[in-house]
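User: I'd like to learn how to read aromatic pairs and helix packing. Please take me through an example.

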Amino acid sequence: MVHGAITRGGCRACHALSPDEVAGQLGANKDIAPNLSSVAEKTDQRWIYHWVKNPRGYSDIARMPSLRLSDDEAKAVTAYLLTLGAPKPAPSELADKLHDPGNVAAGEKLVRKYGCAGCHDIPGMELESRVGAELSTIGNKTNEEMF
């Protein structure tokens, strides 16, 4: 049975809830939004709760509208969605690797190497260079400078 908050929130207008289902908004073979049949395998309760509570809190251009859910409604939706798919257990050695100082240092080096702070806000890396060129004055360049 579909949870009441899912029904009242209108989630099924855009989302399918079983693997073989299509929500149908864009035609017979394409959903307008992700199929949620295995959402519990892909994320956790904290992310789901905050997403359904305020999708634009994650992305200003999120297509999912604010459903103006109360805290209790958002918790109910989250609880239901966590029943869709089985969370994948973390490898037993993962916690040790995540806290190993050598691995942390290697990760920081990779983040700097690939310029992750050029697009993402990463505490402690505010002064890192941007990945791409600054483009605010690109219109002032001559054709020769462009090519």
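Analyst: W47 and W51 both sit in helix 3, four residues apart, about one turn of the helix. Helices here are DSSP runs (H or I, at least four residues), numbered from the N terminus. This is a predicted model: local features need pLDDT of at least 70, side-chain atom pairs count only at pLDDT 80 or more, and totals for chains, interfaces and linings use all residues. Residues are numbered from 1 along each chain as its sequence is written, and side-chain values use heavy atoms, without hydrogens and water.

User: How is the aromatic pair of W47 and W51 arranged?

Analyst: Rings of Phe, Tyr and Trp (its six-membered ring) pair if their centres lie within 6.5 Å; planes under 30 degrees apart are stacked, over 60 edge-to-face, the rest tilted. W47 and W51 are stacked, at 5.3 Å centre to centre with 5° between the planes. W51 and Y58 are tilted, because their planes are at 50°, with centres 5.9 Å apart. Ring pairs link W47, W51 and Y58 into a cluster.

User: Is W47 buried, partly exposed or exposed?

Analyst: Buried means under 20% relative accessible area, exposed over 50%, partly exposed in between (1.4 Å probe, protein chains only). W47 has 34%, so W47 is partly exposed. Y58, at 41%, is also partly exposed.

User: Where is L84, and what does L84 touch?

Analyst: L84 lies in the loop between helix 4 (71-81) and helix 5 (94-99). L84 is buried, at 9%. Contact means heavy atoms within 4.5 Å. Leaving aside neighbours within four places in sequence, L84 contacts residues including L17, L36 and V39. L84 and L17 are 67 residues apart in sequence, yet 7.8 Å apart in space, C-alpha to C-alpha.

Notes: Helices (H or I, at least four residues) and strands (E, at least two) are DSSP runs, numbered from the N terminus.
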